Amino acid sequence: MRIDGIPASPGYAEGPVFDLDRPPAAYQRKATATEERAALEAAIGKAVGRLAALVHTVDGDAADILEFHIAMLEDDALSGPALASIGSGQPADAAWRTALDSEIAGYEASDQDYFRARAADLRDIRDQVLRALGEDGEFTAPQGAILCGEDIAPTRFLETDWSKGGGIALKSGSTASHVAMLARSRGVPMVVGLGALAAPLTGAALLDAERGAIIFSPSPTEVETFRQSASAFADRQGAARTFLTEPAVTKAGTAVRVQVNIAYPSDVDGIDIATCDGVGLMRTEFLFGKTLPDEETQYHAYRKVLEWAGDKPVTIRTVDAGGDKPVPGFTVEETNPFLGLRGIRLSLARPDIFRVQIRALLRAAIHGNLKVMFPMIATSDEYSRAATLFAEEQAGLAAQGVAHKLPPLGIMVEVPSVALAPEAFTDVAFFSIGSNDLTQYVMAAARDNAAVAHLNSVHHPAVLRLIAAVVAFGRDKGIPVSLCGDAGGDPAAIPALLEAGLRDLSVAPAQLAMAKAAIAEAGV
Ligand code: PEP
Ligand code: MG
């Protein structure tokens, strides 16, 4: 049985299905309260041990999340009520579940986003201890498995060994989620938006994350066809790798700059700077994922990437929170978040938070070739206000004698008003087309909704015409234009983007080789 969804990270996986949502194994009750208490303490210790071992294998935001979970588990205030209930006769599993559920309900009822978002962390912690109590060794997915479920927690992604293959198939999920970004940068096949999976989540399955589908209990013919596609994909990837170290040039000899998109500073650790032309987009909202980072944290994150890139450009985007990227304590609850207070709108509404990022960027700028861009610009007034904040913070740093530099300031072109009337923006240093949002706003088709995925196409003439118009405007006015949306790394979209006049693309690191190979095939 084949179910279609949305590809979130290309590739193929064939293997046993692992049900992410199945309940933990039953707990064997003990004879006395003392034993129950010891069992709970041991399970908490075991969960902490697992997380601590994991912390050493990751860094950046992922490590922060795990350290936060460890700190919560080690906090007596969390285990206290459960231990007290054991004293009054409850078994360890029920005591822990009841205590955590009541804590979770408290967080869920909060009128502050920040605390509501913490409920997800608590659920993760609750289940980790319940699994440890049930000695659920089985909860580790077998190597090469296809992890299937409603959604997947970043910790689950990080603790899975992907070295022997495997993939992710989600009923909901989003191509823009943290895990989707991790999957793309590590080359793990992933499909989201599969809807209600009627099939029992057992047995073997085939995951086609190039087209976006999962096939349960496949027939021999389906297996055969799947293996041919998977091997053709592997061949294309193998062939593409030979392009990795070469500059990108089309068949007609046109040079194309190819930069990379990153989310975490640690993303650059796995990339050879010689294989790309710099960073075309660093999405800083991932630094803001859990808690609002202070100026020092941000400064060090930006500096790390700038130093890695040497004299190649690094385009850091100011925080694009909101839409499908909520940041607890910063973004607001909205009925239509993609059309709400996101990106530069939110930053301008919260200058206290924005100014911290601006200072970190101005200070980091002395360590490399920094460019800064603003997300979700719709009017020139927004650009002017953001540029004014940069000028004010620059004056402040100068007055304090702090080393800094004002980087060139550019904008994302992802709101149709800018693409249709770019003449209001002749004072920006550069344009970077965000094809993900530009497409969803032009087509009125959400980027994270499987039901309208067929409408969300960069190939539609309305989208391509706008892209071509922005490129032509930039050429006329001497303003550089690049594209950093996901279409830039999609071999199927690259010919049309080059046709529209683009010569500067920024792609997910895992797509770098394929993108260069597709460019080499292009006739422009
Ligand atoms: C885009 O919209 O194309 C883009 C690059 O930004 P994001 O995907 O982060 O919204
Ligand atoms: Mg965008």
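## Domains

In this predicted model, the chain is divided into three parts: domain 1 (1-22 + 136-227), domain 2 (25-135) and domain 3 (242-521). The C-alpha centres of domain 1 and domain 2 are 27 Å apart.

## The sheet

Eight strands form an open sheet with mixed pairing, in the order S1-S8-S7-S3-S4-S5-S6-S2. At its edges are strand S1 (2-4) and strand S2 (6-9), each of which pairs on one side only. From one strand to the next, the twist averages 30 degrees. In general, the strands of a sheet pair through backbone hydrogen bonds, either parallel or antiparallel.

Strand S7 (residues 204-208) and strand S8 (residues 213-216) run antiparallel and are joined by 4 bridges. In one of these pairings, Asp208 has Ala213 in S8 as its bridge partner. Helix H8 (residues 220-244) lies across S7, S8 and strand S3 (12-19), and runs at about 120 degrees to S3.

## Two crossing helices

Helix H9 (residues 295-309) and helix H11 (residues 351-364) have axes that come within 8 Å and cross at roughly 40 degrees. H9 is therefore oblique to H11, since angles under 35 degrees would count as roughly parallel. The crossing of the two helices is right-handed.

On the H9 side, the contact is made by Glu295, Glu296, Gln298, Tyr299, Tyr302, Arg303 and Leu306. The H11 side contributes Val356, Gln357, Arg359, Ala360, Leu361, Arg363 and Ala364. Sorted by class, the residues in the contact of H9 with H11 are 7 nonpolar, 2 polar and 5 charged.

Methods: Residues numbered from 1 in each chain as written. Chains lettered and ligands numbered in written order. Predicted model: local features only at pLDDT ≥ 70, side-chain atom pairs only at ≥ 80, totals over all residues. Heavy atoms only, no water. Domains from an automatic or database assignment. Axes fitted to C-alpha atoms, helices over the stretch in contact; angles between N-to-C directions. Parallel < 35°, antiparallel > 145°, perpendicular 65-115°, else oblique. Left-handed = near helix turned anticlockwise from the far one by under 90°. Contact = heavy atoms within 4.5 Å. Nonpolar A, V, L, I, M, F, W, Y, C, P; charged D, E, K, R; others polar. Pairing = 2+ DSSP bridges.
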